[in-house]
Amino acid sequence: MDRVGNKVAQLEIAMIKVAAPRMALKIIDDAIQAHGAGGVTTDFGLAKQYASMRTMRLADGPDEVHNRAIARMEYGKHRVA
């Protein structure tokens with residue numbers, strides 16, 4: 001983004017907006033599993049982190065919007081005129 005601008009980095013930005021929150025949720029979910037029932041209590045803060053991170057999948061548009069944009073850009077690369 002800093003080197004080529006937002007327009008050129010648009011595909012990578014959309015991919016990051018899908019992949020990063022999903023990976024963070026996976027990591028937090030694994031931590032909850034490791035803590036057992038304690039993982040969903042307020043003792044470790046994992047449930048709160050999970051809820052906060054889950055909103056990140058909606059904050060800048062739902063994943064479906066980003067996935068659609070990714071698909072359009074990818075199909076556009078290979079479109080036959």
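These legends describe close-up views of a predicted model.

**View 1**
The chain holds three helices and zero strands. Read along the sequence, the pattern is α-α-α. The C-alpha atoms fill a box of roughly 55 × 25 × 20 Å along the principal axes. The radius of gyration is 17 Å, whereas a compact globule of 81 residues would have one near 12 Å. Buried residues account for 19% of the 81 residues. The accessible surface comes to about 6,300 Å². Carbon and sulfur atoms own 60% of that surface. Now take the contacts between residues at least 6 apart in sequence: 58% of them join residues at least 24 apart.

**View 1. Helix H1 spans residues 10–35.**
H1 has 26 residues. From its first C-alpha to its last, H1 reaches 38 Å. That is close to the 38 Å expected at 1.5 Å a residue.

**View 2. Seven names mark the buried residues of H1.**
Start at Leu11, then find Ala14 and Val18. Pro21 and Leu25 are also buried. Ile28 and Ile32 complete the list. What covers these residues? The cover includes helix H2 (46–59) and helix H3 (63–77).

Met15 is found in helix H1. Is Met15 buried, partly exposed or exposed? Its relative accessibility is 37%, so Met15 counts as partly exposed. Leave out residues up to four places away in sequence, and Met15 touches Ile70 and Glu74.

H3 has 15 residues. The helix reaches 21 Å from its first C-alpha to its last, close to the 21 Å expected at 1.5 Å a residue. Which residues of H3 are buried? They are Asp63, His66 and Ile70. These residues cover an arc of only 70 degrees around the axis, so they sit on the same side of H3. The buried residues of H3 pack against H1 and H2. Now look at the face turned away from the buried side. Here are the exposed residues Glu64, Arg68, Arg72 and Tyr75.

Side chains of opposite charge can pair when their charged atoms come close. Arg22 and Asp63 form a salt bridge. Their closest N and O atoms are 3.4 Å apart. The pair links distant parts of the chain, with Arg22 in helix H1 and Asp63 in helix H3. Asp63 has a relative accessible area of 3%. Buried means under 20%, so Asp63 is buried.

**View 3. Asp63 also pairs with Arg57.**
The side chains of Asp63 and Arg57 meet in a salt bridge. The N to O distance is 2.7 Å. Arg57 has a relative accessible area of 21%, which makes this residue partly exposed. Which residues make up the network of salt bridges here? Arg22, Arg57 and Asp63 are linked in it.

**View 4. Lys26 and Asp30 pair within helix H1.**
Lys26 forms a salt bridge with Asp30. The closest N and O atoms are 3.0 Å apart. Both residues lie in helix H1. They are four residues apart, about one turn of the helix. Lys26 is partly exposed, with a relative accessible area of 47%. Asp30 is also partly exposed, at 38% relative accessibility. How many salt bridges are counted? The count comes to five.

Definitions and conventions: Residues numbered from 1 in each chain as written. Predicted model: local features only at pLDDT ≥ 70, side-chain atom pairs only at ≥ 80, totals over all residues. Heavy atoms only, no water. Helix = DSSP H or I, 4+ residues; strand = E, 2+ residues; numbered from the N terminus. Expected span 1.5 Å × (residues − 1). Buried < 20%, exposed > 50% of the residue type's maximum accessible area, 1.4 Å probe, protein only. Contact = heavy atoms within 4.5 Å. Salt bridge = Lys/Arg side-chain N within 4 Å of Asp/Glu carboxyl O. Rg over C-alpha atoms; globule rule 2.2 N^0.38 Å. Areas by Shrake-Rupley, 256 points an atom, 1.4 Å probe, with all protein chains shown as cover. Arc of directions from axis to C-beta.
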